[in-house]
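Dear colleague,

Please find below the structure that I am handing over to you. The notes that follow set out what was found in it.

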Amino acid sequence: MGEPTILHADLDAFYASVEQMLDPSLKGRPVLVGVGIVLAASYEARAHGVRSPMPTRDALRLCPDAVVVHGHFEKYLDLSSQVMEVLEDASPIIEQISIDEAFLDVRGSTHLLGTPSTIARCIRARVADEIGLPISIGIASTKFLAKIASARAKPGGLVVVPFGAELDFLHPLPVEAMWGVGRVTAANLHRYGIMTIGDLAAVPSGAFSSSLGPGASGALHALSWNRDPRVVRGGRRAGSIGSQQALGRGLTDPDELAVVVLGLADRIGRRARKKGRSGSTLTLRARFPGPRVLSRSHTLSSPTSSTAALAELGGALLRRAIEGESEPVTLVGMSLSNLSTDDYLQLELEIDAGDVLRAGSTLDLKRRALDVSVDEIRERFGRDLLKLGSAPERGVAPEEFRRLAEHSD
Amino acid sequence: MRIRAQRDDLADVLTRANRAVGARTALPVLQGLLCEVAGTTLRVTGTDLDVTVRTSAEVEVMEEGRAVIPGRLLSEAVRKMPTGSVTIGVSDTDIEIQGNGPRFTLRPLTVDDFPVQEDVVADGVEVDGEELAEAIGQVTIAASGDGARPILGGVLFESSDSGLRMVATDSYRLAKRELRGVGLEGTGLVPARGLRELPRSIGAAKVTAQLREREAVFTSDKGMLRLRLIDGNFPKYQSLLPESYPSQVVIDKDVLLDALGRVTLVAEDHIPVRLKLMEGGVEVAVTRQDVGGETEHLPGVFEGAEDEVSIAFNPRYLQDGVTAIHGDSVRIRVIDAFKPSVIDSGAEDEFLYLLMPVRV
């Protein structure tokens, strides 16, 4: 039967860990994210009893040495997306439930990647090495138990609940450990002498119908016996693939900005293709001094992951964003969303055959063939061998490759 | 104006004219139906500027005149009156609809705001109404609903060797239908959206069709439908039609449609249906990673250079095409998995459906 295959992966004190990563002087110190209200607290602060959310004033009373920071929310989104990409490498059946946690079912990946605990160790190592963040993972036979296990694993750990040992693991835990049991429900149960999940399991289902309501009472009882029929709903990650480039004091020249867009399109396209995904909505953000951010987006009739299409669309969005602007652009970000797996491509009749934005058109197919060759070359010889065309001093101008690909049929 | 007529007769002319009235309109007055009474005739006009429907009925006229009345409200109100005769009376401020008890009072819209309707003489060629409705049903399935590609939202009308040819494409599929012996003059790109309204607005046994410089005009004893032509050039579709096909299979149409009905249970969204043409017929299969699959073999007559040929299609597009075929059998002609296939009835027929495959 092997090991259970449901993983719950949860980043440890996510916002606070990011702050400690961005500013190493914060490492090992209590950190509070959020001025006014604590949105997240590092483990060092939690040791003093700080919880989130809590007024910052109260938190500082508990932990006077704490450093209060504003938070870098764009950075959180970006890093979250990177972490989810690592998770997606482990299994396509992934259900992201918040910015910092997700369920995975790895049953289809074990023949390729090893046992679930091997996969989990690999995820933890990659998230630590490639992204620099601590993540805890619980493995169990149900989502309910995996979530409890990851909470037990924190910080920075891995807990596996083997088949057959579920109830031994579950029943000694306090009822508060259950997903869905808050302070009020716990107090309610305590009044009847129900302290542990085992206590709850020992009373008949429906015993608390009057105090908790029949639905909640039955549900909690089922969970106390680890009966949780919910499956990991894969492929539902709304998600996006994005990249951004800061431009120092800024650029105003449309040609130079077009090169930036091309670079972003290249990065996003490559990452999307590596994941076998396409997206139909492209959003471009342009930041101006101030800072002031303008955002423009467009949704295509069919999804794409082609670098050429993303560059063309990104260029058009950028022109719209900077129209009438005299100030320099200090940052350009692009993100591809409305993602779908791209196993299938509806081909087009030879109408508008030269429109690269039409997925399945003749030109699109040629550009895709080019993407495949460029990806292969980079995979084999390293990313730096091929840079995109508008920066000839940086390497081989791929326009030649484009022509090659377009004439190769 | 003041008229009286049987509820069902009134409801009929109002409801059909109201088919041209859109839910959202450029001008508030376009929410209304122009009702004009002269002699013994009530004439009703609804328009959204692109599509105009005019109907008329003989009624009992107490007073001539004209008014613009909110279209949906008027036609629904009349339809919901008790059976029997209904009176519509218009004063300067109010419209009264009454009969056998109930009485509606509606506010009129401003008559002078209603776009002026240039009168056209019913001229042109006569077409069998049933055949025209059938042809419209067959070709409009392939027209595009993508507002960004207005030209593909049209049906090309052009004269051919045998008569009138109608063509539509959304760039994934193309439908072509010949109406033999219909000598319609000229060429025009007629909006599919308006064309679909023809059977329900002025459908009759005989319809007269006419292509004018800016519009297509269809008339019958039920009224007149005017469609503003789409500007632009329709794609050169002739070159899209393959000249020869190495493989083909002929199968029973209902058997294929039943199979596609089962396939679409599994194949939602963009999951393609895979066909394998081979000796003895065609294998139809669909698989979906997280759901499961369905597969079956349909008997048929296969001819081909290769032993078998595989191709995948969007199941809905395939279903549309097969449904549009008239006759008992369907012929699917295939070049390869990346080139357009052609679906028709197998006989040298008036209807043809060209479909691009899905790359898997």
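Two strands are said to pair if DSSP finds at least two bridges between them. Strands (E, at least two residues) and helices (H or I, at least four) are DSSP runs, numbered from the N terminus. This is a predicted model, in which local features need pLDDT of at least 70 and side-chain atom pairs count only at pLDDT 80 or more, while totals for chains, interfaces and linings use all residues. Residues are numbered from 1 along each chain as its sequence is written, chains are lettered from A and ligands numbered from 1 in the order in which they are written, and side-chain values use heavy atoms, with hydrogens and water left out.

I begin with strand pairing in chain A. Strand β12 (residues 277-288) of chain A runs antiparallel to β14(A), and ten bridges join them. Within this pair, A:Arg287 has A:Leu331 of β14(A) as its bridge partner. Strand β14 (residues 329-341) of chain A also pairs with strand β11 (residues 240-251) of chain A, in the antiparallel sense and over eight bridges. There, A:Leu331 is the bridge partner of A:Ala246.

Chain A also holds an open sheet of five strands with mixed pairing, in the order β7-β8-β1-β9-β10. Its edge strands, each pairing on one side only, are β7 (94-98) and β10 (158-160) of chain A. From one strand to the next, the twist averages 15°; axes are lines fitted to C-alpha atoms, for helices over the stretch in contact, and angles run from 0 to 180 degrees between N-to-C directions. Four bridges link β7(A) to strand β8 (residues 101-105) of chain A in the antiparallel sense, with A:Ser98 opposite A:Glu101 in β8(A).

Two helices lie across strands of chain A. Helix α4 (residues 73-90) of chain A lies across β1 (6-11), β7, β8 and β9 (135-140) of chain A and runs at about 155° to β7(A). Helix α6 (residues 116-131) of chain A lies across β1, β8, β9 and β10 of chain A, at about 170° to β9(A).

In chain B, five strands form an open antiparallel sheet in the order β5-β1-β7-β8-β9. The edge strands here are β5 (60-63) and β9 (103-106) of chain B, each of which pairs on one side only. Strand β1 (residues 2-6) of chain B and β5(B) run antiparallel and are joined by three bridges; B:Arg2 stands opposite B:Glu63 in β5(B). Helix α1 (residues 7-18) of chain B packs on the sheet, touching β1 and β7 (85-90) of chain B, and its direction makes about 110° with that of β1(B).

I turn now to the interface. In contact (heavy atoms within 4.5 Å) are 16 residues of chain A and 25 residues of chain B. The area buried between the two chains is about 1,700 Å², with 59% given by carbon and sulfur atoms; buried area is the accessible area (1.4 Å probe) that two parts lose on being put together, summed over both. A:Tyr344, A:Gln346 and A:Leu349 supply 43% of the area that chain A buries against chain B, more than any other three residues.

A strand pair also spans the two chains: β15(A) and strand β26 (residues 358-359) of chain B pair in the antiparallel sense over two bridges. The bridge partner of A:Leu345 in β26(B) is B:Arg359.

With kind regards
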